[in-house]
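Subject: Structure handover

Hi,

Here is the structure I promised to pass on. Have a look at it first, and my notes follow below.

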Amino acid sequence: MGKNVKLRLENIDKSFPGVKALDNINFSAEKGSVHVLCGENGAGKSTLMKIINGVYHQDTGNIYIDDKLVEIDSPTKAKEHGISMIFQELDFVPEMTVEENFVTGNWPTSKFGKVNWKKIRKQAKEILEKEGLDYDLDTKLKDLSISDIQLLEIVKAVSYDAADIIIMDEPTSAISDTEIDLLFDKIRSLRERGKSIIYISHKMDEIFKIADMITVLRDGQLVATKPKEELDIETVISLMVGRKLSENFPKEDIEIGEEILKVKSLNSHRIFKDIDFNVHAGEIIGFSGLVGAGRTEVLRALFGLDSYDSGEIIINGKKIDVTSTNDSIDNGMVMLSEDRRRYGIIPVRSVKENTTLANLEEFIYNGRLHRQKEIEVVEEMCEKMNVKTPSIDTDVSALSGGNQQKVVLAKWMVNDPDIFLLDEPTRGIDVGAKFEIYKLMTALAKRGKAILMVSSELPELIGMCDRIYVMSEGKLTGELKRKDFSQEAIMKLAVG
Amino acid sequence: MKDLKLGDKFSRIKQKYGIFLVLILLFVVSSLINSNFLSVRNLTNISRQISITTILAFGETILIISGLLDLSNGSVLALAGLLSVSVFKMTGSLILAFIVAIVVAVFCNIINGIMVTKFETPPFIATLAMMAMARGAALLYTNGQNIYRIGDYTVFGQGSIGFVPTPIIFFILIGIVTWYILKHTRLGRSLYAIGGNEEAAVASGINVNRKKMLAYIVNGVFVGIAGVIFMSRVNAGLPNGAVGFEFEALTSSIIGGTSFSGGVGTAGGTVIGAFIVGFLNNIMNLVGVNSYVQQIIRGGIIALAVIYDTRTKKMRTKSQLGNVE
């Protein structure tokens with residue numbers, strides 16, 4: 001320890017009604033270093049960061065910055081102490097332009113309170129140039145993808161020079177590999193400038209790429225703080241979950257059946273072009289590519305969330321016109337969106353209502369909901385999927401990300417479709433829940449379902465898929481069989 | 001895990017019955033303040049007084065749950081009631097008059113629904129426009145004159161079955177219908193989902209526009225019935241009647257726990273909200289509060305109800321974050 005410590009937390013305790021979220025945590029961040037914080041959802045990472053950022057206040061314990069005791073009781077106070085935080089779930093104003101977004105809450109004004117837009121434009125241009133990014137300053141945020149916005153958020157936070165302590169909560173959950181490299185370059189340059197970075201992540205390869213120190217939290221307790229060199233991936237995973245994972249991917253050999261989904265030269269103007277592929281029963285197909293390659297857009301068009309210009313969608317040998325989500329759902333094709341909060345859950349309603357939402361007709365007799373049947377089905381499904389919830393009447397918003405995802409999956413399982421379109425099914429959920437989602441995918445494939453998965457995590461695709469299609473700039477650039485899988489082969493196709 | 005369950009249960013109970021406790025408190029305090037309050041006659045009176053606005057409030061609750069709104073219900077009530085009275089005077093048929101009221105109100109609400117679903121107008125604006133149009137149409141129809149001598153038409157609002165006045169019977173029936181729709185039908189579930197997260201509802205295969213239209217149609221039926229009861233009670237066809245009823249209906253719904261951000265609300269809550277409003281008005285009258293002051297108090301109460309709604313939501317999210325993270 002000593003002089004080099006920038007931020008020090010001492011004996012931090014925090015309880016919420018009914019749960020002890022943090023139990024006697026001692027944590028410190030040094031100058032010019034990256035301290036990775038990892039742990040499953042519910043381990044207390046976010047609570048700890050929110051205490052540092054002034055969103056919550058600790059019940060007991062002290063926070064020191066530069067060895068001076070500080071009282072952080074609001075995010076504004078945190079900012080004054082040089083703490084800057086990038087949240088995992090982005091909140092942004094869709095109508096704002098790139099330029100405006102850079103200066104929100106920090107507008108340079110003239111003496112008379114007039115906003116100096118010239119100065120802002122100059123600043124924004126400089127920042128983008130400095131960071132090597134090419135965005136039109138007048139583009140509205142609503143016209144950008146999540147990953148673009150995330151990148152801009154990060155750039156904004158790091159360009160704010162007064163920040164000495166930068167907290168990043170899973171900054172890579174929505175961005176592609178090249179963008180991750182860009183981000184890591186930024187982080188390294190920040191480290192050289194002597195900043196303290198606290199980096200929260202689930203992704204092991206990332207953690208070991210960027211960390212100087214690693215701290216693992218489990219159930220509100222600190223289980224290890226060690227330099228990276230003294231740890232390896234298996235150790236960290238087992239510290240996080242408290243048990244050894246025998247294998248990372250529960251892939252099984254499943255007999256491939258009939259062709260269930262066939263897509264012929266699907267086109268959508270300026271978004272994707274001539275998409276041809278098929279999926280068989282029992283098969284797990286991966287879609288790889290950089291963010292912006294058009295993978296999600298293909299899935300959305302198939303599911304009826306967006307329209308397509310031309311092409312054929314053939315399910316079980318029958319040509320289908322998809323104009324709305326009803327068309328795809330009625331033909332046994334469902335989609336799990338990458339944006340769970342937006343397209344997946346009804347947060348203010350119960351686990352039960354969310355689970356049966358897509359298949360209510362199943363529970364209607366003479367216009368009346370059969371409550372008993374509903375309860376039975378939902379309880380059985382929750383048990384099968386291992387959804388951790390106090391009761392099926394709990395609001396979905398009260399569950400952890402992984403359990404919310406399981407509820408969305410459960411909704412589609414109740415519907416019992418033939419084809420699952422999964423868009424980043426494990427994004428933002430912890431290792432244990434990921435493994436359960438993989439197991440579910442395998443179980444579905446075993447039952448003869450066809451699965452199509454878009455993922456930005458190559459290990460996941462390589463571990464779970466039978467075939468991988470790679471997309472680049474709206475076009476399919478290749479198809480790989482399982483024996484040909486390698487990160488290098490996929491990346492080569494992905495960059496075009 | 002067990003603690004969490006208990007905590008969860010407790011907050012649920014508070015959430016569910018908090019407003020009921022307010023009602024009981026108000027009831028007890030009112031009976032202590034004024035001895036006239038606790039008479040069967042006064043209580044029946046209150047029920048009858050609130051019946052029309054509560055019927056509107058049931059429709060409003062269904063709409064707000066779905067992320068919609070109706071500001072036109074007072075005006076549409078007047079137009080529907082007026083035309084109904086007029087048809088009765090021409091034909092002498094009570095049944096036909098009743099049907100006309102419903103048809104007119106449903107028609108206006110179909111226009112509301114088309115504006116909201118097909119032309120994607122915000123419900124606030126669409127129904128604000130309807131509020132002006134329906135009122136204008138009512139005044140135009142009689143050239144601003146009232147229609148008197150409505151004869152047997154009074155049976156809808158002034159009659160009774162046994163000792164129960166007809167408005168209260170309608171109030172109870174429509175309450176049950178609302179409860180049934182929200183709790184026991186596919187439509188109800190879909191509306192909660194649409195109000196809770198419209199995009200997720202679309203992605204779950206719910207025909208959102210169709211359900212929204214149905215919500216407005218149901219609202220139209222309620223408004224039409226309210227129109228019949230209203231004209232029958234005031235013993236005339238009043239093109240200028242029921243002004244400001246949308247405010248009373250909204251107040252009852254919001255106080256009853258319907259969340260303005262959608263996805264949350266119940267028929268039972270609305271009844272409680274309506275009685276809170278009714279008791280307050282009644283006790284203010286009994287103790288002789290100046291009617292202008294009453295209006296200020298009513299405005300203050302709806303502001304308080306919304307503040308309460310926002311705060312509980314914040315608290316809920318906060319305690320949930322605690323559970324999760």
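Let me start with one strand pair in chain A: E6(A) and strand E7 (residues 165-169) run parallel to each other and are joined over 4 bridges. Strands pair if DSSP finds at least two bridges between them, and both strands (E, at least two residues) and helices (H or I, at least four) are DSSP runs numbered from the N terminus. In this pair, Ser84(A) sits opposite Ile166(A) in E7(A).

Before going further, a word on the model: it is predicted, with local features needing pLDDT of at least 70 and side-chain atom pairs counting only at pLDDT 80 or more, while totals for chains, interfaces and linings use all residues. Residues are numbered from 1 along each chain as its sequence is written, and chains are lettered from A and ligands numbered from 1 in the order in which they are written.

**The mixed sheet**

E6 and E7 belong to an open sheet of 6 strands in chain A, ordered E6-E7-E8-E3-E9-E10, with mixed pairing. Strand E6 (83-86) and strand E10 (221-227) have a single partner strand each, so one side of each has no neighbour in the sheet. From one strand to the next, the twist averages 15 degrees. Helix H1 (residues 45-52) of chain A lies across E3, E6, E7, E8 and E9, at about 150 degrees to E7(A). Axes here are lines fitted to C-alpha atoms (for helices, over the stretch in contact), and angles between N-to-C directions run from 0 to 180 degrees.

**The antiparallel sheet**

Chain A also has an open sheet of 4 strands, E12-E11-E14-E15, whose pairing is antiparallel. At its edges are strand E12 (272-280) and strand E15 (318-320), each pairing on one side only. The twist averages 20 degrees from one strand to the next. Strand E11 (residues 259-268) is joined to strand E14 (residues 310-315) by 5 bridges, and Lys264(A) stands opposite Glu312(A) in E14(A).

**Domains**

Chain A is divided into domain 1 (5-95 + 140-241) and domain 2 (259-494), with bounds from an automatic or database domain assignment. Their centres, taken over C-alpha atoms, are 31 Å apart.

**One contact list**

Which residues is Ile451(A) in contact with, leaving aside its neighbours within four places in sequence? Among them are Ile284(A), Phe420(A) and Met441(A), where contact means that C-beta atoms, placed from the backbone, lie within 7 Å.

Happy browsing!

Notes. Contact = placed C-beta atoms within 7 Å.
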